[in-house]
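Thank you all for coming.

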Amino acid sequence: MQKIEPKKIKDLRMRQGLSQQELSRLLGISDRAISKWELGYSQPSANHLIALAQIFGANIEDFLSTAETKKEEIQGMKSLVELFKIGKGPSSSHTMGPERACKVFMEQHPEINEFQVVLYGSLAKTGKGHGTDKVIKKTFSPFPCDVVFNFTKTDIPHPNTMDIIGLKCGIEIIKARVMSIGGGSVLFENESIVQTPNIYREHTFSDIASYCKTHSIRLWQYAVERENPDFWEYMNRVWNVMKTSIVCGLEDEGVLPGGLSVKKKAKSLFLSQHIDESAETRENRMVCAFAFAVSEQNASGEQIVTAPTCGAAGVLPAVLYYQQQKNGYSDRQILQALITAGVVGNLIKTNASISGAECGCQAEIGSACAMAAAALGELFLLDIEKIEYAAEIAIEHHLGLTCDPICGLVQIPCIERNAVAAMRAINAVSLASFLWDSRKISFDKVIKTMKETGRDLSAPYKETSEAGLAKIVF
Ligand code: SF4
């Protein structure tokens, strides 16, 4: 494991206003253990580190020593495959992670055809609303699976913990404890955290742009140079899933699950054309309908692509699908735009955050808007400076946006917000193509600002459903 900086544990604890005793109670360990960590006499285990990150609303990287962090940054970025994840919504930790855990368990134990899953902590408390049980049952289908919500057990290694049990004639044969650690990633107990390699050397827009200029290539070509040979195939799958979620979302009707009685609106938006509708109004209506379609599929627990997250999954597909329908861009051109968006999203993920729990909605919808603006810039064959400016405008005007989903469901304000961000992305590209030579703020600077703003946002506005719109009770 990489070295933990003792002072960082103390600083984060103090920032949360917790005493050593209070933190020790939350972790279910002695306060002497906390004191030893903060003095550098011992280090937290991987499980405790994950729990600390959850309690402090921080990243695991935030605990690493500065030297280690710098080394990590200098190494570059991970594959875009880790950014664009295919899975079932509405939440990377509550549906994608459990789905992945069940699939891995089934692969490891092909002889088992009867299952039970016990959900603990946050998975138990908000699992019904997120449809965690439905996703688990669907994943094991056609085999039977009983899902149990355990609300009382507190001595768990991570707030999102689950036990997957393989049965034979109702008797337990094998059991695995798994933690859904965010972004759709899972950690099986007793396994160490496996860090995937950074396949990109660069980690700033300015470095990437100068590489592209030196080699006379576009951003998507730069990414293809660094990704594995099966990358095109994967991105093709990504685009197909995005298109499917739009098509299915436009056909869907009824009410979203979770109890808020939110009606699905993509179909009615798509069909409600006025006789005297202008071209601009039609464009807005279409783009919004596509964004609603994906976001409603996400909220319904259907398959989507994180772009960069489940909650913000509708922005990028909406603008690209609209352009393909309107101007007949080929799938190959769309993939090039998608890869360009991926480079932008990866830079934000690496240098700041794409998590609402960490930096508020600016990190989810703001990032999605920047990705969509960059994708459009590529589709319109804009210069790299204009693409950078479009992405910068898109994120700059989302700075400070809070994450306050009502009842913790990814519905209000999330679905509408995807539609608004898709339209903003279109405006950002348009503005960038006129004003690019007068810009003052680089994309790298705005990412840094987003990270700092996210740190300064108070905790209730970071996916806790304790403040803002989430205080409204229907
Ligand atoms: S409000 Fe929160 S949950 Fe909803 S899209 Fe924004 S970051 Fe995601």
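How far apart do the C-alpha centres of domain 1 and domain 3 lie? They lie 33 Å apart, where domain 1 covers residues 6-72, domain 2 covers 92-188 and domain 3 covers 205-471, with bounds that come from an automatic or database domain assignment.

Please keep in mind that this is a predicted model, in which local features need pLDDT of at least 70 and side-chain atom pairs count only at pLDDT 80 or more, while totals for chains, interfaces and linings use all residues. Residues are numbered from 1 along each chain as its sequence is written.

Let me turn to the sheet. Five strands form an open sheet with mixed pairing, in the order β3-β2-β4-β5-β6; helices (H or I, at least four residues) and strands (E, at least two) are DSSP runs numbered from the N terminus, and two strands pair if DSSP finds at least two bridges between them. Because β3 (145-149) and β6 (185-188) stand at the edges with a single partner strand each, one side of each is left without a neighbour in the sheet. Neighbouring strands are turned by 25° against each other on average, direction ignored, with axes being lines fitted to C-alpha atoms, for helices over the stretch in contact, and angles running from 0 to 180 degrees between N-to-C directions.

Strand β2, residues 115-119, pairs with β3 in the parallel sense over five bridges, and Val-118 stands opposite Val-148 in β3. Helix α9, residues 132-140, lies across β2 and β3 and runs at about 160° to β3.

Next comes helix α10, residues 205-214, in which Phe-205, Ile-208 and Ala-209 are buried, meaning that 20 or more other C-beta atoms, placed from the backbone, lie within 10 Å of a residue's own. These residues cover an arc of only 100° around the axis, which puts them on the same side of α10; the arc is that of the directions from the helix axis to the C-beta atoms. The cover over them includes α11 (219-226), α16 (331-351), α19 (384-396) and α21 (443-456).

Finally, α11 and α16 pack at an angle of about 80° with their axes 8 Å apart, and they are therefore roughly perpendicular to each other, a term for angles of 65 to 115 degrees. Residues in this contact (C-beta atoms, placed from the backbone, within 7 Å) include Trp-220 of α11 and Ile-339 of α16.

Conventions:
Contact = placed C-beta atoms within 7 Å. Buried ≥ 20, exposed ≤ 12 C-beta atoms within 10 Å, placed from the backbone. Parallel < 35°, antiparallel > 145°, perpendicular 65-115°, else oblique.
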